[in-house]
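Dear colleague,

Please find below the sequence and structure that I am handing over to you. My notes on what was found follow directly after them.

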Amino acid sequence: MLKKAFNKLVNNKMSISAALLSVLVINQPVLAHQDKAHSETARVVSAGAGVTELVLALDAGNELVAVDSTSQLPEEYTNIEKLGYHRMLSAEGILALSPDLLLGSDAMGPQTTLDVLTAAKVKVVQLATANSQSQLINNISEMGKLLNREAQAKKLQAEIKQSFKNIEQKQQKIAKQGEAPKVLFLLLQTDRPARVGGDDTAADIIIKLAGGKNIAGFSGYKSVSQEGILSLQPDVILISNRSNKAVQNPVDALLNNMPLLAHTPAGKNKQIQFLQPQALLGGLGLSAIAAADQLASDFISVKQY
């Protein structure tokens, strides 16, 4: 299922759940473009990690001329320009690429850049950041139309719906075992204290989708002391960073800097896990679903202690 399309979005540095791959990848031929009359390849700029994931999953990577700095591409995409941060795009840099379409989330900007591009006859489309299955499905439908990939979009929507059903089955298993695992997410920052992710964060979406309970007790990100984390007694600690670079032994590094975490249930039971940064970018996307699927499987094991 969507083997070629999904493989294009995943590079060697990304860790994707085997369970989700079995749903989204195995034995799925890539569909031919539905509209044979579409003879000219469009020139597309994608701004936003989640949006770029979907462009690749819809088999439209050949139309990309540039992506923003948060987007990850397979190694074979060597001729695609890398722009700046998707919230701080440069009109001059984009116009130099002569694009037909700038596609991004509602966080894309600044507005002055978008206005300049619109005035220059570049089609600018902002999709609502997906925080739910329904919004993600709607975004895929709109992208399928914009990229002339409606057949691929329908197929991808079906596979994503199946993925959510699979995760829901795991949620039910977790619920039958008793209380949901208590989960804490830490965003690691170089030369700065780690910050805990509360409600209304990307990590919160993944934790809840997987059937866990985010025990931060606040919204957004805040710094919390080791003693504060220890008092919360998390069953699982998730850690991540904002870097695309591979992290060597991130759990060991965390425990060296915050040794009290070894005395939490998560530390004692080896349930401190690294979450790939890509899963935290762009709202609820393919990487986030994959991370939630793997996490749900892990939560089932956690409840066995």
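Lysine 121 is found in the loop between helix 5 and strand 5; helices (H or I, at least four residues) and strands (E, at least two) are DSSP runs, numbered from the N terminus. Its phi is near 70°, a positive value in a residue other than glycine. At 74% relative accessibility, lysine 121 counts as exposed, where exposed means over 50% relative accessible area, buried under 20%, and partly exposed in between (1.4 Å probe, protein chains only).

Please note that this is a predicted model, in which local features need pLDDT of at least 70 and side-chain atom pairs count only at pLDDT 80 or more, while totals for chains, interfaces and linings use all residues. Residues are numbered from 1 along each chain as its sequence is written, and side-chain values use heavy atoms, with hydrogens and water left out.

Two further loops deserve mention. Glutamine 233, in the loop between helix 9 (226-232) and strand 10 (236-241), also is not a glycine and has a positive phi of about 50°; this glutamine is partly exposed, with a relative accessible area of 32%. Proline 110 lies in the loop between strand 4 and helix 5 (111-119), and a cis peptide bond, with omega about 0°, joins it to glycine 109.

Turning to helix 6 (residues 133-146), its buried residues are Leu136, Ile137, Asn139, Ile140, Met143 and Gly144. Seen down the helix axis, these fall within an arc of 160°, so they line one face of helix 6; the arc is that of the directions from the axis to the C-beta atoms. They pack against helix 3 (49-57), strand 4 (101-105), strand 5 (123-127), helix 7 (150-176) and helix 12 (286-302). Just after helix 6, asparagine 148 takes a positive phi of about 60°.

Which residues touch the most other members of the largest nonpolar core? They are Met143, Ile160 and Ile206, in a core of 55 residues. Such a core is a set of buried Ala, Val, Leu, Ile, Met, Phe, Trp, Tyr and Cys residues joined through side-chain atoms within 4.5 Å. Helix 12 supplies the largest share of this core, 10 residues. Domain 1 (44-127) and domain 2 (178-301) both give residues to this core, so it lies between them; the domain bounds come from an automatic or database domain assignment.

Leaving aside neighbours within four places in sequence, methionine 143 is in contact (heavy atoms within 4.5 Å) with residues including Val51, Leu54, Leu103 and Leu127.

Yours sincerely
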